[in-house]
Amino acid sequence: MDAQSFLSDFTPERMVVKPGTHVKLQNFNPGFTGDFNKDEAKALLRQGVQDLARYQDVLYAQNTYALLLIFQAMDAAGKDSTIKHVMSGINPQGCQVFSFKQPSAEELDHDYLWRSFKALPERGNIGIFNRSYYEEVLVVRVHPELLAQQQIPKSVKSDRIWQQRFDDINNFEKYLTNNGIVVMKFFLNVSKAEQKKRFLKRINRPDKNWKFSLSDVRERAYWDDYRAAYEDVFTHTSTDWAPWHVIPADHKWFTRLVVANLISKKLQSLNLAYPELEENHMDRLREAKVMLESEE
């Protein structure tokens, strides 16, 4: 089996959130690995990375579409390492990564999508959001005190604010899609037990200490609240034009393989092609070839 075809049996029913469905994360197994073992997956990932590099080259040359990849997850689910491994073969010139952390004072003086608008990828490029505007319906929902800090009218801070933001986000992503920006959304679904194991690894290994913060454990206390918020996000913002993918994340080798191939399949579906050159341009190429070959 090659990297292009291995997802065909289970991706739709196991990983894509069907628009209009009420989502329960308990129906998505974070430990799922299909029929693959680690060594086989690593070999397929190498092929998938090569395929992705080839498609990115055509995407960049055609300069018509842009690709926006959104990664959301609980802490220690492997977002950073997934981005690192999946994007290891692409040309850095055509890719940008943005990590959205706590909003600055300037960002709080704007609407919550403002900083995302500024970070959108140019045509021909791949943009990666490591966390995103979805934090506004996740972290802010779990911690209502953050909403109180936002410079918005009191009338907006009603019980309907989350549904309003879901509508805003759906319209925003539809706008992007209508303008040639393809939106792919990935939730790396790690189990609570695996998160604990990874937190302890960060504490016990000196080379991992820098990745750990006491706030990570504090946020873990809100595990159920975050899961409920994510379920509401998937239920209301998985659309035909920008569906959510819930990716098993307890085994990083499988997570990376799935993400790489899903991105490759999406780029393949765009029927990308190198630009066709006009005849006068071909004439100039032939002239240049003659000049170069005639040099002593």
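In which hand does H3 pass H12? The crossing of H3 and H12 is right-handed; a crossing counts as right-handed if the near helix is turned clockwise from the far one by less than a right angle, and left-handed if anticlockwise. Helices (H or I, at least four residues) and strands (E, at least two) are DSSP runs, numbered from the N terminus.

The model is predicted: local features need pLDDT of at least 70, side-chain atom pairs count only at pLDDT 80 or more, and totals for chains, interfaces and linings use all residues. Residues are numbered from 1 along each chain as its sequence is written, and side-chain values use heavy atoms, with hydrogens and water left out.

The axes of H3 and H12 come within 9 Å and cross at roughly 55°. Axes are lines fitted to C-alpha atoms, for helices over the stretch in contact, with angles from 0 to 180 degrees between N-to-C directions. H3 is therefore oblique to H12. Angles under 35 degrees count as roughly parallel, over 145 as roughly antiparallel, 65 to 115 as roughly perpendicular and the rest as oblique. Ser81, Thr82, His85 and Val86 of H3 make the contact (heavy atoms within 4.5 Å) with Lys252, Thr255, Arg256, Val259, Ala260 and Ile263 of H12.

H8 (residues 161–178) and H11 (residues 223–237) form another crossing, with axes that come within 10 Å at roughly 50°. H8 and H11 are therefore oblique to each other. Their crossing is right-handed. Gln163, Phe166, Asn170 and Glu173 contribute from H8, and Asp232, Val233, His236 and Thr237 from H11.

The largest nonpolar core holds 80 residues. Such a core is a set of buried Ala, Val, Leu, Ile, Met, Phe, Trp, Tyr and Cys residues joined through side-chain atoms within 4.5 Å. Those with the most contacts inside the core are Leu69, Met87, Tyr134, Phe186, Phe234, Ile263 and Leu267. Helix H12 (residues 252–269) gives the most to this core, with nine residues. Beyond its neighbours within four places in sequence, Leu267 is in contact with Leu52, Tyr55, Gln56, Leu59, Leu67 and Leu272.

Ala76 sits in the loop between strand E1 (66–73) and helix H3 (79–86). Ala76 counts as buried because its relative accessibility is 8%; buried means under 20% relative accessible area, exposed over 50%, and partly exposed in between (1.4 Å probe, protein chains only). Leaving aside neighbours within four places in sequence, Ala76 is in contact with Gln195, Arg198, Phe199 and Arg202. The C-alpha atoms of Ala76 and Lys196 are separated by 8.7 Å, at 120 residues apart along the chain.
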